[in-house]
Each structure stands twice: as C-alpha cells, then as structure tokens.
Amino acid sequence: MRLLVVEDDRALAGQLAAALGAAGYAVDCAADGEEGHFLGDTEPYDAVVLDLGLPRLDGLTVLRRWRAGGRTMPVLILTARDRWHDKVEGIDAGADDYLAKPFRMEELLARLRALIRRARGHAAPELACGPVRLDTRSGRVSVDGTPVALSTQEFRVLSYLMHRQGEVVSRTELTEHIYAQDFDRDSNTIEVFVGRLRRKLGADVIETVRGRGYRLRPPEPAAGGADG
Ligand code: CA
C-alpha cells in the first residue's frame, strides 16, 4: 500500500513519513499544493493525507480538482482548522475523513487503515484468504495460526494482494503500490517477492495468471460436503 502525504510543515511531514513507513506503507511526500495535486493526479495512491493550509495551492482546491478529474483514492484531511463548518466543507469537497491537529498518530493510522480497507470492500480489520491471515492493525501475518515473518517488501506485496483478493493484479500495478516514487523500481523484483511469499505461505496461495499477473484466491469450498 502506497500513501501520499501533502504537508508543508517539514517536521510534521517527516514524522508522518516515519510513522507510516514503520507501519509498512510506501510513502511519498509533497510540500506544497501544486506538487501534491500533480502527484495525486498521476500516481496511484491507496490513500492520501492532505493538509489544507498549503503554499501555492490550498488543500481544498487540490481535493476538488482531484475529484473533478475523477480521482477516487481515499483522502483524509489533516488540518489545524477544527471548526465544524470546516469539517463539513472538507468532507463535501470530497474528503473521506477529517482529523484535526493536534492529533495522535495511533488515531491517524487507525483511520487510514479503515479508509484503505473500505476502499477495497473490506470491513473487518483482519483480512483472511484461505489459511492466510493478515491483521492490518499489527501487521502480523499467519498461516493456519502460525506467525510468519515477512520483509517490508514481501509484506507490501501480500497486503496489496490481500486487499485485492480474487482480482488479477499485474506486476506493474504491484510495483506502483509497493514503492515510493523516488525508489529505483524494477518490476522483475516482484517475481522474487512472490517466490519468497510462496515459500513462506504455501505454493498455492498466489496464483500466476499467465500474461496478466497474480491473483490471491481463497481455496474453493469442498464440494458436496456441507448441506444447504
Ligand atoms: Ca500547513
């Protein structure tokens, strides 16, 4: 999962990037509204943290332009403007959530988890696919109840596939969602991560769909066993 942080307060942007990175996300930062708008308009983010008071282009304008242009990624407004009508204006401009500064990082992380899973059609914080479970709160992964240790990149690949389970995800798409913008990307490394995940989680968990990508698919229910 890859996030965009649009925040002109350098110290806060650094704290956000560190906390989000520690939580397993790939993070891009923009320090003004124009850059933020451009990145959100051209890169596929799983969620955005957006300040309102920004140089060059204010946050509400950025948000309205994204929505007018058909960009649907979840956006959480993080701002010092905490009057109720600011919140209404932000949400009506297309925000999915609103958090006023000062804030607790734990709350921001919880709200982002909820936005990301809801955007992919999941309500529960623990994602399950056959024997594999991923707890989005702790970042823990298990197979048949046994914890499995994953590297950061392996976790990002699995987390993206878990959120998109049942759908075919191309290597290009996976690459775009596990690396930050300034990272030297190589979509061939996706194969390496998938190979490692298969060794750790079981060979059948991630299916290769020839010429199209990968799919995480729950095992078919046993035929004829249950009645009804
Ligand atoms: Ca600001």
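Author: Below, a few labels are set against their cut-offs. Keep in mind that this is a predicted model.

Reader: Why is the pair Asp-8 and Gly-53 said to tie parts together?

Author: Asp-8 belongs to the loop between strand 1 (2–6) and helix 1 (10–22), while Gly-53 belongs to the loop between strand 3 (47–50) and helix 3 (59–68), so the pair links parts 45 residues apart in sequence.

Reader: And why are Asp-8 and Gly-53 called partly exposed?

Author: Buried means under 20% and exposed means over 50%, with partly exposed in between. Asp-8 comes out at 33% relative accessibility and Gly-53 at 36%, so both land in that middle band.

Reader: What makes Arg-56 count as exposed?

Author: Its relative accessibility is 61%, and exposed starts over 50%. Arg-56 is also in the loop between strand 3 and helix 3, and its phi is near 75°, a positive value in a residue other than glycine.

Reader: How do you know that Asp-144 is exposed?

Author: By the same test: 64% relative accessibility against a cut-off of over 50%. Asp-144 lies in the loop between strand 8 (141–143) and strand 9 (146–148), and has a positive phi too, near 50°.

Reader: On to the sheet. How do you know that strand 11 and strand 12 pair?

Author: Pairing takes at least two bridges. Strand 11 and strand 12 (residues 213–216) have 4, in the antiparallel sense, so they qualify. One of the bridges has Ile-206 facing its partner Leu-216 in strand 12.

Reader: Why are strand 10 and strand 11 called edges?

Author: The open sheet has 3 strands in the order 10-12-11. Strand 10 (168–169) and strand 11 (206–209) each have a single partner strand, so one side of each lacks a neighbour in the sheet.

Reader: Which helix lies across strand 11 and strand 12?

Author: That's helix 8 (residues 188–201), running at about 140° to strand 11.

Terms used. Residues are numbered from 1 along each chain as its sequence is written. This is a predicted model: local features need pLDDT of at least 70, side-chain atom pairs count only at pLDDT 80 or more; totals for chains, interfaces and linings use all residues. Side-chain values use heavy atoms; hydrogens and water are left out. Helices (H or I, at least four residues) and strands (E, at least two) are DSSP runs, numbered from the N terminus. Contact means heavy atoms within 4.5 Å. Axes are lines fitted to C-alpha atoms, for helices over the stretch in contact, and angles run from 0 to 180 degrees between N-to-C directions. Buried means under 20% relative accessible area, exposed over 50%, partly exposed in between (1.4 Å probe, protein chains only).
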